Amino acid sequence: VAIFVIALLIIIGSVIVTNQQVDRLNKQEELAKTIEIEANELSYLSSDYILYRESQQAERWESKYSELASHLSALAVDTPEQKELVTSLMDNQHRLKQVFDDVKSGIRSGPQGDPAIYLAAVQVSWSRLAVQTQGIVFDAGRLSLLLRDEADQVKQVSNLLIFLLMGTFSLFILTSYLIVFRRTITSIAKLQDSVKVIGSGDLSHVIPEKGDD
């Protein structure tokens with residue numbers, strides 16, 4: 001009985017741990033999806049700022065970038081491939097800020113010399129911003145898929161543990177029932193034998209007590 005109880009406790013603890021791990025992975029996956037969405041929003045905000053060059057648009061970009069940076073810092077992954085993607089995301093994040101600061105500086109200084117040269121510089125800046133934001137989008141999407149795959153694998157382990165828990169518990173109940181049933185039948189058989197002895201006239205026969213029930 002003690003072995004069954006210990007086994008049940010171990011399996012229950014394992015189920016709880018795996019379920020917590022699944023919840024954590026699901027939250028990380030949602031975080032990666034949020035980062036992907038925010039990177040796309042930054043791409044649109046960058047284009048708007050380059051086209052209209054208004055300070056309010058730059059402020060909105062900075063605000064969205066802060067949200068992105070906060071979510072990136074909250075990523076917590078386990079596998080080497082996931083860690084590599086997070087490192088790439090961080091690098092693209094920092095480069096994106098540097099490029100946007102360069103763009104702001106160029107726009108604020110205004111056209112200098114040939115307008116065609118200025119326009120070409122703006123186009124280059126837009127391309128650089130697009131490269132960084134799309135890099136974040138790609139890495140975040142890839143990270144989301146990896147986290148989902150890992151969560152699915154942990155779910156499979158959790159389901160296996162639940163089946164094992166149910167099987168162990170059923171075996172525990174069956175074994176306990178058989179033990180109690182066998183003891184009860186044995187006690188009744190001994191009582192019947194003793195009754196026969198007393199019934200045959202041996203009134204000195206004593207029925208031994210096996211318990212207080």
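**Aromatic pairs, core and salt bridges**

At 34% relative accessibility, Arg142 is partly exposed; buried means under 20% relative accessible area, exposed over 50%, and partly exposed in between (1.4 Å probe, protein chains only). The model is predicted: local features need pLDDT of at least 70, side-chain atom pairs count only at pLDDT 80 or more, and totals for chains, interfaces and linings use all residues. Residues are numbered from 1 along each chain as its sequence is written, and side-chain values use heavy atoms, with hydrogens and water left out.

Q: With which residue does Glu81 form a salt bridge?
A: A salt bridge is a side-chain nitrogen of Lys or Arg within 4 Å of a carboxyl oxygen of Asp or Glu. The closest N and O atoms of this pair are 3.0 Å apart. Glu81 lies in helix α3 and its partner in helix α4, 61 residues apart (helices are DSSP runs of H or I, at least four residues, and strands are runs of E, at least two, numbered from the N terminus). The partner is Arg142.

Q: What is the N to O distance between the side chains of Asp78 and Arg24?
A: Asp78 sits in the loop between α2 and α3, and Arg24 in helix α1, 54 residues apart. Asp78 is partly exposed because its relative accessible area is 39%. The side chains meet in a salt bridge with an N to O distance of 2.5 Å.

Q: What is the distance between the ring centres of Trp61 and Phe100?
A: Rings of Phe, Tyr and Trp (its six-membered ring) pair if their centres lie within 6.5 Å; planes under 30 degrees apart are stacked, over 60 edge-to-face, and the rest tilted. Phe100 also pairs with Tyr49, and that pair is tilted, with 5.5 Å centre to centre and 45° between the planes. Trp61 and Phe100 are stacked, with 5° between the planes and a centre to centre distance of 3.7 Å.

Q: Which residues form the aromatic cluster?
A: A search of the whole structure finds three aromatic pairs. Trp61 counts as buried because its relative accessibility is 0%, and Phe100 is also buried at 0%. The cluster consists of Tyr49, Trp61, Tyr65 and Phe100.

Q: Which residues does Thr18 contact, leaving aside neighbours within four places in sequence?
A: Thr18 is in helix α1. At 9% relative accessibility, Thr18 counts as buried. Contact means heavy atoms within 4.5 Å, and the residues in contact with Thr18 are Val154, Val157, Ser158 and Leu161.
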